[in-house]
Every structure is written in structure tokens, then in C-alpha cells.
Amino acid sequence: MGLWHVFYEDWQMECCGTPFSAGDEVSWPLLLLDPDTVLGGGWHDQLTEVAGRVEDVGGVRMVREETGLPVALGADPDAEQDRRPEPGGRTRSAGLLSVERHGARWPEAGGLVRAVQVLTQTWAETTPGSRSYEPVAGERRLRLVDRCPKWFKETEAERAADGRGRRSRESGVVVTLEVLGTDSRLSHAVREARGLPRQGAEPGTETRGIPAADLTVLLESLSTPRKRARPAAGWPTAPGPLARGGRDEGR
């Protein structure tokens with residue numbers, strides 16, 4: 001079984017979502033996002049690579065990832081032309097998996113929730129006194145929890161040295177989802193951390209025989225936000241923009 005990081009944005013949960021806990025079975029429609037368009041960018045350890053043949057399913061362009069994960073490819077609404085690969089061809093793309101519950105429908109990915117982390121993002125005024133806020137790239141942290149909240153919190157605004165108001169807001173959760181019959185780079189990282197072979201090992205061996213609590217802590221260590229985004233060694237670049245139509249603080 002493959003392990004996948006999935007971002008469940010706050011407004012998606014508050015609007016149409018059902019709270020869930022670690023250990024629950026869930027089924028979600030997944031969309032691959034251009035990470036630079038999500039909360040100011042600065043993602044790294046949460047990125048996913050998908051590869052497979054592109055299909056058109058009810059007007060939705062999607063990929064059945066070569067190990068079985070169904071993922072939709074969204075068009076960039078600001079692009080002058082659709083840069084997504086055509087149905088029938090193959091694609092290999094890196095991005096941020098997200099839950100998308102609005103608009104068209106496509107096959108969902110079902111699996112077991114292995115870990116849930118609330119993501120807290122820093123926001124700052126675009127200009128002093130504007131009262132219009134934007135995410136500060138790379139300024140976020142993760143907090144391990146047992147259950148995804150239905151409603152998310154934010155702090156009161158404080159004035160920074162540059163005169164702009166700043167506030168922190170819980171902007172969603174990062175979920176580690178284990179999907180039967182798939183395999184992933186995150187699974188490879190868990191095998192490596194446990195001293196198991198990264199290549200040639202049967203999918204699912206990385207979670208076999210490890211207590212749930214220990215696995216949760218290990219997964220937390222493999223999803224640490226970093227200040228600046230940088231591609232992992234050997235990862236391909238996406239062919240074009242892909243966008244959508246507790247306990248201890250993370251480090």
C-alpha cells in the first residue's frame with residue numbers, strides 16, 4: 001500500500017467536508033496542484049510525483065497513476081492556453097495532492113488515514129492598513145492531531161515592524177493517506193527510514209509491524225515545512241501549471 005501526502009484545505013472541509021480521524025477509511029477526489037499556487041508556495045516534503053496515461057473522464061482530464069492512484073489534472077485559469085497533456089498521451093508531473101469537492105466529478109481514491117496534521121499559515125497585509133491579507137511564502141508549521149477539525153481558527157492581527165498586519169490561520173490539514181495497491185516516493189522514504197530496501201520491496205512492507213503511534217511520529221518527521229521550495233533530486237518538472245478549476249508543533 002502506498003503512502004500519499006494530501007492537503008485538505010480549510011474551506012473545503014468547512015463547506016462540504018466530514019471530519020475524520022487517524023485510522024478512518026475515507027474516499028476523496030484528488031487533484032494535483034501546482035505547489036507555487038498554494039499558500040504562497042514554499043512546499044517540498046509534501047510534494048507528490050504521478051506518472052501515467054492521461055484520460056478524459058466526463059470532461060475531467062485525469063491520470064490513473066501507474067501504481068493505481070486516480071488523480072485529476074486541473075487547468076490554470078490564468079493561462080492563455082491549456083497546457084495540460086492531451087488524453088491518450090502520458091505525463092509525469094510533480095505537485096501537491098489536494099482534496100477537491102467542487103465542480104466536476106471523477107473517480108475517488110479510497111484509503112486509510114495514517115496521520116493528520118493541522119497546517120497553520122502566516123498571513124500578512126498586502127500593504128500597511130490595507131486589511132487585505134496574503135499568505136507569507138514558506139511561513140507555516142504543522143501540528144500533529146488525532147482528528148481533523150470541522151472549523152479552523154485564526155489569531156488576532158498584530159502589527160509587524162514594517163507596519164503590515166500579520167496573523168496566523170489554520171488553513172487546512174496535511175493527511176497521510178495509505179492507498180491499497182499503490183506505491184509512492186513517500187513509501188520509499190519510510191522504507192529507507194526503517195532500514196528496508198527502497199526498491200524491490202513489496203508495497204505495504206513499510207507499514208507492516210510498526211505500531212500506529214510510531215508510524216505517525218515517523219510520518220510527521222517526513223512532512224516538515226521548509227522555508228523555501230526546492231525540487232527533490234531526480235524529480236521531473238511538471239509540463240505546465242497544474243491548478244484546481246494535538247501534540248507537538250512541527251519544525
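This is a predicted model: local features need pLDDT of at least 70, side-chain atom pairs count only at pLDDT 80 or more; totals for chains, interfaces and linings use all residues.
Residues are numbered from 1 along each chain as its sequence is written, and side-chain values use heavy atoms, with hydrogens and water left out. Local features need pLDDT of at least 70 and side-chain atom pairs count only at pLDDT 80 or more, whereas totals for chains, interfaces and linings use all residues.

Three aromatic pairs are found when the whole structure is searched, a pair being rings of Phe, Tyr and Trp (its six-membered ring) whose centres lie within 6.5 Å. The ring centres of Tyr 8 and Trp 28 are 5.4 Å apart with the planes at 90 degrees, so this pair is edge-to-face (planes over 60 degrees apart; under 30 would be stacked, and the rest tilted). Because Tyr 8 belongs to strand S1 (residues 2–9) and Trp 28 to strand S2 (residues 25–28), the pair ties together parts 20 residues apart in sequence; strands are DSSP runs of E with at least two residues, and helices runs of H or I with at least four, numbered from the N terminus. Ring pairs also join Phe 20 with Tyr 8 and Trp 28 in a cluster.

Thr 182 is placed in the loop between strand S11 (165–179) and helix H2 (185–193), and its relative accessibility of 2% means that Thr 182 counts as buried. Beyond its neighbours within four places in sequence, Thr 182 contacts (heavy atoms within 4.5 Å) several residues, including Met 1, Trp 4, Leu 69 and Pro 203.

Conventions: Buried means under 20% relative accessible area, exposed over 50%, partly exposed in between (1.4 Å probe, protein chains only).
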